[in-house]
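Let's take a friendly tour of a protein model, one piece at a time. Have the picture open while you read.

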Amino acid sequence: MSAIFGLLYRDGRVVEPGDLGRMSDRFLHRGPDGSGVWRDRSIGLGHRLLHTTPESLAEAWPMQTSGGNLVLVADARIDNRDELLSVLGFDRAGKITDGALLLAAYEKWGRSAPEKLIGDFAFAVWDATRQAIFCARDPMGVKPFFYYVSDRIFVFASELKGLFCMPEVPRDLDEVQIAYFLDWFRSDQERTMYRDVRRLPASHWLEVDASHVRTGVGWAADPEREIRYSTSEEYVEAFREHFAEAVRCRLRSAFPVGSALSGGLDSSSIVGMARKLMDGDEPLHVIAAHFPGLPEPYRQWNDESRYIDAVAAMEGIALHRVRADERSVFEYLDRMYWYHDAPPFGFMYWMRWAVYEEAARNGVRVFFSGDDGDSVVSHGYERFNDLALEGRWATALAEVEAMGRRLESPAIYFSKAYLHPRLVALARSGRWGRWREGSREVARGFDLSPLRLMSESVFDAFLRERLRSVYRRVRGRKSSPSLVRAEFARRVGLEERKRHFQTVHPDPIPTARESHALVLPSPMLQHIMEVTDSMSSAFAIETRCPFLDRRLIEFSLAIPSEQKLADGWTRLILRRAMEGILPPEVQWRIHKADLSYNFVRRLQNDDRRILDSLFDQPEVLSEYVDMNELRDLHARFYSNGLKGARHKSAHLYIAAVLARWLRARQVDGALEPTGPPV
């Protein structure tokens, strides 16, 4: 994690030293180990450096080619170094920096360079020959990139606050994005909370010169590619090799390495593999949250200590615990607003903040996270699509029964996993004859009548929600379950905008691989990565996510669906690959802890004053939020017990996060104090 920034005066003005100096000062927290700027007439680039890899200790930024035609700034870690060293003709005797590799890659391949890079990156290259600046972002959006462009200026930075150093960048709020935030809608990958400021979406590139702005897409998931081996053992071995490499290349560090550990399969697999690959002398610092003060029975539902302790008992692990049951959900937000420049959407970031605090106390600069392992490896439910398309009903029923036995809930998984891809798709397309025929076949295996199947699948999934929508319209209420004020939603065209982003597959039943590809990359993941990057920057830590390795993603997408789900086991290939690496009770665990109870308890106790304050200055939210519905939700949240309040907490929390951010913005303008909050 470093900082990059720069500007191009498209009208030909000269970049002044103060322009870049202000931006550099704003990013001290991201790059305490060095800084540099470069300018030439109407173009200027800047960098703040955070040392993480051994090679970064030798970096000096901005970087230039020998002739000076190309100038680069990058927040990047390049993982396919050996391949690039060979292809680009470097002498391996010297210590080649990632920046030098990236600059040579652009010199050789131009706009195609991002497709040749494996790793996490956001970079900008000034091409003097073409008088254009080329920018790109990694496939999963791990590294952030924000920009503003007009006829007169193009300015970019790692964080929004860097852009606002330039007086020409407008600071007007984007009401559409406010509506999206309140409605939990994250599919628009370009909008920010500021109307005229954009983010470069994951896996995209941007090129700007004096008269043109061009954009394009680099890497994209390929649902047509297939990998075929003769045996399951070959798939498992290949997956293990890909996963080991994803972890190994991210262990490259000049400082202590740490990892989050929730006790779940993703974080545990990373910890187990990292410890296997690390030198024995250096411990892996593992940070885990625990909840000893949470009352029963909620503590046992939250408690992951059994699994955490099993992983931490492995040799070479230094376990550090943070008390998540003693912290306010909102205590970090005032600082978080400054680092993130926007209200963070999510419910457990306060726990992440505590984890990063503990990691920093132990000198960690490189920190592993298991983000989006679920999507990358996949639970495997898409396999039912393939079984339906192939007419393999007996196999489908056997899988449903096996899954039900493992989870002790066959009816739930029958309806969710099986009826969704087959019978519901038939119902959507109006093919009721085939639906009745299929429902009878399925009913025989579960001793359920077609009428009951109709009720549990089609009615529950579709008709009931449609009836609810009609009911709401009759009562004059929103069809959306969010708190967005109806007049505000109509003014910004919320529902029409959301429909624009809906992905509709042309076939009634997409293949398993097509379904898997649709979630890669995820707009929500892009947001999570940006918030994670912001939190990392507060503690001079770089977060690395092995499951977001492009090679692992491509492999996981290309293998047959039966490698992901079989014999009732979800995520099967990951479980099998962890044989001998993870303790069996973690490797084959089924259920996850429910952290919502601790979250709700914090809101109902320590943070009640913050939720109550929503109504002290109602004008902050009243333009956007249905305040009557918010008051009703607030009253019901406190009248219910801990369990009954869970489903009411999310909307209340989101409203409070937005209100506190809007108030902070009124005080600090664009949330720009001279330095980060203490």
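## A helix tucked inside

Start with helix 26, which covers residues 596-604. Eight of its nine residues are buried, so the rest of the structure largely encloses this helix. Keep in mind that the model is a predicted one.

Which residues of helix 26 are buried? They are Ser596, Tyr597, Asn598, Phe599, Val600, Arg602, Leu603 and Gln604.

Now look for tryptophan 301, which sits in helix 9 (residues 298-302). Leaving out residues up to four places away in sequence, tryptophan 301 touches Ala593, Asp594 and Tyr597.

Is tryptophan 301 buried or partly exposed? Its relative accessible area is 35%, and buried means under 20% while exposed means over 50%, so tryptophan 301 counts as partly exposed.

Next up is an open sheet of six strands, paired antiparallel in the order 2-3-1-9-8-10.

Let's zoom in on some pairings. Strand 1 (residues 3-9) and strand 3 (residues 43-48) run antiparallel and are joined by six bridges; here, leucine 7 has glycine 44 in strand 3 as its bridge partner. Strand 8 pairs with strand 9 (residues 153-157) over four antiparallel bridges, and a hairpin of three residues links the two strands. In this pair, tyrosine 147 has phenylalanine 156 as its bridge partner. Strand 8 (residues 146-149) also runs antiparallel to strand 10 (residues 198-199), with two bridges between them, and phenylalanine 146 stands opposite arginine 199 there.

## A buried glutamate

Last stop: glutamate 357, found in helix 12 (residues 349-361). Why does glutamate 357 count as buried? Its relative accessible area is 16%, and the cut-off for buried is under 20%, so glutamate 357 falls in that class.

What does glutamate 357 touch? Leaving out residues up to four places away in sequence, it touches Arg327, Arg335 and Phe539. With arginine 327, there is a side-chain to side-chain polar contact of 3.2 Å.

Conventions: Residues are numbered from 1 along each chain as its sequence is written. This is a predicted model: local features need pLDDT of at least 70, side-chain atom pairs count only at pLDDT 80 or more; totals for chains, interfaces and linings use all residues. Side-chain values use heavy atoms; hydrogens and water are left out. Buried means under 20% relative accessible area, exposed over 50%, partly exposed in between (1.4 Å probe, protein chains only). A polar contact is a pair of N or O atoms within 3.5 Å; within protein, one must be able to donate a hydrogen and the other to accept it, and residues adjacent in sequence count only if both atoms are side-chain atoms. Contact means heavy atoms within 4.5 Å. Two strands pair if DSSP finds at least two bridges between them.
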